[in-house]
Amino acid sequence: MSNPLEHQDNHIIRWEYASVVGILAIWASMLSLKVGVGLIAGLAIFALTRFTRRGFVHLLQPHINKFNGPFMRVLFGWLPTFLTTAVVAAAVVLLGIGLNSGVRFVLATMAQQGPQLIEEALRNLNSVTASLPDAIREHIPGRPSELFRMISKDDSDFVGYIRSFGGASFFIFLQFVFALILGVSAALMAPASPVQRGSYKPLAQAWLETLERYVRCFTLLMGAQVYVSIWNTFCTAVFVYGILPAFDVVLPFRELLLMFTAVASLIPAAGNIMANTLILVLTIRYGVFVAMGSVLYLFIIHKLEYFVNGYIIGRNVRASVPEMLIAIVLGEVAFGLPGLITAPVTYAFLKMHWQRWGWV
C-alpha cells in the first residue's frame, strides 16, 4: 500500500524538476539573445526591491494595524509599496549616474593606459623568457615577443573593443530600463510570506519557491563578491602604495591595476587568478625576491577571503573552487561575459537542488 505523504512529496518534486528546467531555459535563452546585462540588472533590482519592501513592511506594519477604519488601513497598507518604489527608483537613478561617470573614467583610463600596461607585462615576460635555457624556451607556446608585437599595433583588438563599447550603450540602456520596470514589478507582486504562497496551485508554488532559490544564490554570490572585491582592492592598494615603495619598488600603472583588481574580483574564483597573475607579471622584473614576496602576500590575503566566502556561501552552497572555475569557463565560452558572471550563480542554484533531491 502506497504512502499518501510519499506520493505527495514525489508530486511536489516533479513540479520542482519542471521549474528548474524552466529557469535554466530562460537563463540560456536570455544569454543567447544577448540580453545578459538585463538579466543581471533585473536580478539585482528584484533583490534590492524585495529587501527594501520587507524592511518597510516590518517597520510600518505595527503602526498600520492601529488604524480601525478600512479606508485608512488600505491607504496605509499601500504605503510600503509607494515608499519602496520611490526609494528603489531614486537609488537606481543615483547609481546609474555614478556608474556612468565611473565607466567613462575607467574606459578613458583603459584606452590611454591599457595597451601600455599590457606592453609592460609582456615585456617583463619576454625578459624572463630570454633568461631561460634554449631547450626550455623553444617549447614555450605563444612566445611573449610575438604577443608583444601583436599588442603593440595601433589597431589592436583591445583598443578597438574599447572604442566600440559606445556603440552598444543605447542597447544596454534599454536593457537597464526594462530591468528596472520588470524587477520592481516582480518584487512588488511576489507574495510576501510562505503562507500566501501555500494557497497557490502546485506548479505556481513550486515555480515561486524555485525562483526564490535562484535569487537567493544570486544575492549570496554577488554579495560575497562585493565584499571580496573591496577587500582585494584595499589589500592591493596597501601593497602597491605602501609595502612595495618601502623597498624602493614603484609599480607602473598602479591606478589602472587597482581598477582591474576591483572589477576582476567581482568574478568568483577566476577574478582572483587574473588579478594575481597581473601583479606577479608586473613585479617579475624587480627580482625574484620581490616576485616571491608578492606571491606570499597575495596568498595570505586570499586565504583570509575564505572566511568571507565560507561564512556567506559555505553554509548554503557547497561548491568548491574547481567546480566554480569549470562553470565560469563553460559560461564564458557559451555566452561571453554575461555567461561568465551568471554561470557560477546558475551552478550554485543547480547544486542546491541536487543536494535537496539527494543526488549529491
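Predicted model: local features only at pLDDT ≥ 70, side-chain atom pairs only at ≥ 80, totals over all residues.
What percentage of the 360 residues in the protein do buried residues make up? The share is 35%.

The architecture is described by its secondary structure: the protein contains 15 helices and 0 strands. Among contacts between residues at least 6 apart in sequence, 76% join residues that are at least 24 apart. The accessible surface of the protein amounts to about 21300 Å², and carbon and sulfur atoms account for 72% of that surface.

The mean pLDDT of the protein is 76, and 67% of its residues reach 70 or more. Confidence is highest in helix H15, residues 337–356, where the mean is 88. It is lowest in helix H7, residues 157–163, at a mean of 47. Over residues 150–159 the pLDDT stays under 50, and for this stretch the model has 12 contacts beyond four places in sequence. Over residues 161–165 the pLDDT is likewise below 50, and that stretch has 6 contacts in the model beyond near neighbours in sequence.

Individual residues in the loops deserve attention as well. Serine 265 is found in the loop between helix H11, residues 254–264, and helix H12, residues 270–283. Is serine 265 buried or exposed? Its relative accessibility is 1%, so serine 265 counts as buried, the cut-off for this class being under 20%. A polar atom of the serine 265 side chain lies 2.6 Å from the backbone oxygen of threonine 261. Leaving aside residues up to four places away in sequence, serine 265 touches Gln225, Val228, Ser229, Asn232, Gly271 and Asn272.

Two other loop residues illustrate a point about backbone geometry. Most residues other than glycine have a negative phi. Lysine 34, however, has a positive phi, near 65°, and is not a glycine. Lysine 34 is placed in the loop between helix H1, residues 4–32, and helix H2, residues 36–64. Because its relative accessibility is 59%, lysine 34 counts as exposed. Aspartate 248 also has a positive phi, of about 60°, although it is not a glycine. Aspartate 248 is located in the loop between helix H10, residues 202–246, and helix H11. With a relative accessible area of 73%, aspartate 248 is exposed.

How many salt bridges does the count come to? The count comes to 5 salt bridges. One of them is formed by glutamate 212 and arginine 50, whose closest N and O atoms are 2.7 Å apart. This pair links distant parts of the chain, for glutamate 212 is in helix H10 and arginine 50 is in helix H2, 162 residues apart. Glutamate 212 has 25% relative accessibility and therefore counts as partly exposed, whereas arginine 50, with a relative accessible area of 13%, is buried.

Glutamate 212 also meets the side chain of arginine 54 in a salt bridge, with an N to O distance of 3.7 Å. Arginine 54 lies in helix H2 and glutamate 212 in helix H10, so this pair ties together parts that are 158 residues apart in sequence. Arginine 54 is partly exposed, with a relative accessible area of 43%.

Another salt bridge is found between glutamate 323 and lysine 351, the closest N and O atoms of which are 2.9 Å apart. Here glutamate 323 belongs to helix H14, residues 321–335, and lysine 351 belongs to helix H15. The two residues are 28 residues apart, and the pair links distant parts of the chain. Glutamate 323 is partly exposed, with a relative accessible area of 23%, while lysine 351, at 11% relative accessibility, counts as buried. Finally, salt bridges that share partners join Glu16, Arg213 and Arg356 into one network.

Conventions
Residues numbered from 1 in each chain as written. Heavy atoms only, no water. Helix = DSSP H or I, 4+ residues; strand = E, 2+ residues; numbered from the N terminus. Buried < 20%, exposed > 50% of the residue type's maximum accessible area, 1.4 Å probe, protein only. Contact = heavy atoms within 4.5 Å. Areas by Shrake-Rupley, 256 points an atom, 1.4 Å probe, with all protein chains shown as cover. pLDDT = per-residue confidence, 0-100. Polar contact = N/O pair within 3.5 Å; in protein donor to acceptor, adjacent residues only side chain to side chain. Salt bridge = Lys/Arg side-chain N within 4 Å of Asp/Glu carboxyl O.
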